[in-house]
Amino acid sequence: MFIPKLYRSEDLDLMKEIIRDNAFALLISSVEKIRATHSMMMLNDNDPENVYVETHISRANPQAKTLKDGDEVLCDFLGAHTYISSSWYDHLNVSTWNYEAVQVYGKVQLMNHDELYQHLDKLTSKYESFQKCPVMVKDMGREFVEKEMKGAFGLKIIPTEIFIKQKLSQNRKDHDYQNIISELENSDENGRKIAEKMKLIKK
């Protein structure tokens, strides 16, 4: 990911937030050919010295049939994003797009049986806990879950490089910057999210 210095972030809390809130991300690999799979991802940061991304895809997926321990993959997370109209400036310019994104390059480490079970348990708990009648892994019975697990390919991605991009009109003068915020506050959900982010970085 190309990141001009003005938009580059080293904020690991921001990285965690983007991954947490945008967990349905792209798993990209280039073994044999370029492949990309949308999959649910989780950042495992229980041990600050050994942070990694975990996910699973279908065993029937051609990507699963080619990946092995040590292969390099890219996890691509797109955070809040919105269109920025050139009509919001006080001068002639071009329209653009504001957004936040994280890319994690890493080495594959295939999950063993117990790791995959724990991964599915955590993933289910994260999303089922808010349901009206949550169904947790423990409620399904181990025999059923292990039968379903046969179709899942679990992997951990051990980061080698992490890129955090926060493109929020930092290159605009204050008058235009404030006007962009005002316009975004009256737009859709993503626009309002970007407006709040823009307020925070200018504090």
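Guide: A residue is called buried when its relative accessible area is under 20%, exposed when it is over 50%, and partly exposed in between, with a 1.4 Å probe and protein chains only. By that rule, 40% of the 203 residues of the protein chain count as buried. This is a predicted model, in which local features need pLDDT of at least 70 and side-chain atom pairs count only at pLDDT 80 or more, while totals for chains, interfaces and linings use all residues. Residues are numbered from 1 along each chain as its sequence is written, and side-chain values use heavy atoms, with hydrogens and water left out.

The protein chain has seven helices and seven strands, where helices (H or I, at least four residues) and strands (E, at least two) are DSSP runs numbered from the N terminus. In sequence order they give the pattern β-α-β-β-β-α-β-β-α-α-α-β-α-α.

Now to the strands themselves, where two strands are said to pair if DSSP finds at least two bridges between them. E5 and E6 are paired in the antiparallel sense over eleven bridges, and in this pairing Thr82 stands opposite Asn98 in E6. E6 also pairs with E7, again in the antiparallel sense, over twelve bridges, and here Lys107 stands opposite Ile158 in E7. In a regular strand the side chains alternate between the two faces of the sheet.

Between strand E5 (72-84) and strand E6 (96-110) runs a loop that holds Ser85. Ser85 is buried, because its relative accessible area is 14%. The side chain of Ser85 also makes a polar contact with the side chain of Ser87, at 2.7 Å; such a contact is a pair of N or O atoms within 3.5 Å, where within protein one must be able to donate a hydrogen and the other to accept it, and residues adjacent in sequence count only if both atoms are side-chain atoms.

Ser169 counts as buried, because its relative accessibility is 3%, and its phi is near 60°, a positive value in a residue other than glycine. Most residues other than glycine have a negative phi. Glu32 likewise has a positive phi, near 70°, and lies in the loop between strand E2 (24-29) and strand E3 (35-44). Glu32, however, is exposed, because its relative accessible area is 70%.
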